[in-house]
Amino acid sequence: MSGHRLVFEMMIAERAVRRWIDARSGDSGLGAAGAGVLFHLAGNDNALVGDVSAALCASPSGISGLVSRLEKAGFLVKAPDAADARAVRLRLTPAGREAVAAAKGVVKELNAEISDGFTDAELAVVARWLGHITQRLS
């Protein structure tokens with residue numbers, strides 16, 4: 001096992017997945033990171049920016065720029081929090097909901113592509129290993 005370059009292979013795979021998603025985002029400019037934000041909002045509409053950032057393990061500065069680009073593209077709207085004027089809440093627009101639906105199709109295609117040739121048992125081990133990494137290092 002010591003000969004495996006797991007960290008390197010995982011990082012290269014993550015970049016390949018992002019490039020694959022980005023290449024299929026078409027003219028929307030949504031990309032992998034933007035899709036992550038919209039997926040989170042699809043299940044947590046009117047979420048605080050900080051909550052979205054935490055859910056995606058993103059830095060505050062990174063999420064700020066991404067949210068601004070998504071707002072400019074018409075996928076979401078920002079509004080001040082009623083209880084804390086310093087906090088900002090995010091809501092999907094109709095265009096954002098359409099983008100979520102399209103991105104789900106891309107993710108379904110991606111899941112089929114990356115799981116091709118593996119058994120359910122093998123994929124369960126991979127999923128367990130990735131979850132283990134997240135739990136141990138978060």
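Biologist: Leaving aside its neighbours within four places in sequence, which residues is V37 in contact with?
Modeller: Before I answer, keep in mind that this is a predicted model. Setting those neighbours aside, V37 is in contact with V52, L56, I63, L66, L70 and L76.

Biologist: And which residues touch the most other members of the largest nonpolar core?
Modeller: V37, L38, L41, L70 and L76 do, in a core of 19 residues. The elements giving two or more residues to this core are α2 (31-43), α3 (49-55), α4 (60-72), β3 (88-92) and α5 (94-115). There is also a second, separate core of 5 residues, which includes W20, I21, A32 and V106.

Biologist: What about H40, is that buried or exposed?
Modeller: H40 is buried, because its relative accessible area is 18%, and buried means under 20%. H40 is found in helix α2. Not counting residues up to four places away in sequence, H40 touches D51, V52 and A55.

Biologist: Switching to strands: what is their order in the sheet?
Modeller: The open sheet has 3 strands in the order β1-β3-β2, with antiparallel pairing. Its edge strands, β1 (47-48) and β2 (76-80), each pair on one side only.

Biologist: How many bridges link β2 and β3?
Modeller: There are 5 bridges, in the antiparallel sense. As an example, A79 has R89 in β3 as its bridge partner.

Biologist: Which residue forms a salt bridge with R89?
Modeller: That would be D81, with the closest N and O atoms 2.4 Å apart. D81 is buried at 12% relative accessible area, while R89 is partly exposed at 24%.

Biologist: Why can charged side chains pair up like that?
Modeller: Side chains of opposite charge can pair when their charged atoms come close.

Biologist: How many salt bridges does the count come to?
Modeller: The count comes to 6. Among them is K78 with E71, where the closest N and O atoms are 3.5 Å apart. Another is D84 with R86, at 3.1 Å between the closest N and O atoms. R86 is exposed, with a relative accessible area of 74%, whereas D84 is partly exposed at 26%.

Biologist: Last topic: which residues form the nonpolar patch on the surface?
Modeller: L6, V126, W129 and L130 form that patch, with about 320 Å² of accessible area together. Helix α6 (residues 120-137) gives the largest share, 3 residues. L6 lies in helix α1 (residues 6-23), and L6 is partly exposed at 37% relative accessible area.

Definitions and conventions: Residues are numbered from 1 along each chain as its sequence is written. This is a predicted model: local features need pLDDT of at least 70, side-chain atom pairs count only at pLDDT 80 or more; totals for chains, interfaces and linings use all residues. Side-chain values use heavy atoms; hydrogens and water are left out. Patches are made of residues with over 30% relative accessible area and no salt bridge: like charges are joined within 9 Å, nonpolar side chains (Val, Leu, Ile, Met, Phe, Trp, Tyr) within 5 Å. Accessible areas come from the Shrake-Rupley method with a 1.4 Å probe; for residues, only the protein chains shown count as cover. A salt bridge is a side-chain nitrogen of Lys or Arg within 4 Å of a carboxyl oxygen of Asp or Glu. Helices (H or I, at least four residues) and strands (E, at least two) are DSSP runs, numbered from the N terminus. Buried means under 20% relative accessible area, exposed over 50%, partly exposed in between (1.4 Å probe, protein chains only). A nonpolar core is a set of buried Ala, Val, Leu, Ile, Met, Phe, Trp, Tyr and Cys residues joined through side-chain atoms within 4.5 Å. Contact means heavy atoms within 4.5 Å. Two strands pair if DSSP finds at least two bridges between them.
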